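User: Hey, I've just opened this one and I'm new to it. Can you walk me through it?

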Amino acid sequence: MAVAKKPAVAKPKAKAAPKAAPSKLKGDGLSINTSVDGSAREKVAEALTKAVADSYTLYVKTLGVHWNVQGANFYGLHKLTDEQYNELHQAADEIAERIRALGKLVPTGGETFRALTVIDNEAPHGTTPQMIKQLVLDNETVARRMSEFAELAEEAGDLFTHDMLVARIGVHEQNAWMLRSSLGE
Ligand SMILES: [Fe+2]
């Protein structure tokens, strides 16, 4: 009787080490000599990767609420979340572009953002009031994070990033107020 040959088991290939992001992109050319010095740029850019992940995740979450709200106040909440998600989308773009102006690359991708943000957008949708309450809490959380990052930027001597993040505190606190008021709370 012929002995069935064991299928050859392919040896698992050693996983290639993730490539480190190049410190300089081709075409970036000249070295950077702006108002923020090298080590400070590094620190601020790292904080901004968290700020962009927070803004982007809250953008997607607000968009989800915009789609799923229902009830007597449907139109008002649908319009309010429309304004808020559009503003958050633009803010994520501005924060990302500040990272580039600091000479660093912007991380992207769902997994990467999930690791950088404190906003949970994986939980199933609740009722409309629960979704709105959750957005209030998320905007408050992001306002506190932006405040922390703004202080870091100021300590690093990056006045432009400081001001940009201070403006973000105001937007998130205003978002929280409008959402909270729409619940009559
Ligand atoms: Fe829409």
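User: How many residues does helix 4 have, and how far does helix 4 reach from its first C-alpha to its last?
Analyst: Helix 4 has 28 residues and reaches 41 Å, close to the 40 Å expected at 1.5 Å a residue. The expected span is 1.5 Å times one less than the number of residues. Keep in mind that this is a predicted model: local features need pLDDT of at least 70, side-chain atom pairs count only at pLDDT 80 or more, and totals for chains, interfaces and linings use all residues. Residues are numbered from 1 along each chain as its sequence is written.

User: How many helices and strands are there in the chain?
Analyst: Five helices and zero strands. Both are DSSP runs numbered from the N terminus: helices are H or I with at least four residues, strands are E with at least two.

User: Back to helix 4. Which of its residues are buried?
Analyst: Among them are Met131, Leu135, Asp138, Arg145 and Phe149. Buried means that 20 or more other C-beta atoms lie within 10 Å of the residue's own; 12 or fewer is exposed, in between is partly exposed, and C-beta atoms are placed from the backbone.

User: What covers them?
Analyst: The cover includes helix 1, helix 2 and helix 5.

User: Why does Phe149 count as buried?
Analyst: Because Phe149 has 25 other C-beta atoms within 10 Å.

User: And what is Phe149 in contact with?
Analyst: Leaving aside neighbours within four places in sequence, Phe149 is in contact with Ala47, Lys50, Ala51 and Leu165. Contact here means C-beta atoms, placed from the backbone, within 7 Å. Ala47 is 102 residues away from Phe149 in sequence, yet the two are 6.1 Å apart in space, C-alpha to C-alpha.

User: New topic: which residues touch the most other members of the largest nonpolar core?
Analyst: That core has 29 residues, and Val44, Leu48, Ala51, Val52, Ala92 and Ile95 touch the most other members. A nonpolar core is a set of buried Ala, Val, Leu, Ile, Met, Phe, Trp, Tyr and Cys residues joined through C-beta atoms within 7 Å.

User: Which helix gives the largest share of this core?
Analyst: Helix 1, with ten residues. Helix 1 (38-68), helix 2 (74-101), helix 4 (128-155) and helix 5 (159-182) each supply at least two.

User: What other core lies apart from it?
Analyst: One of eight residues, including Val65, Leu80, Ile132 and Leu179.

User: Last one: what comes just after helix 4?
Analyst: Gly157, which takes a positive phi of about 85°.

Conventions: Contact = placed C-beta atoms within 7 Å.
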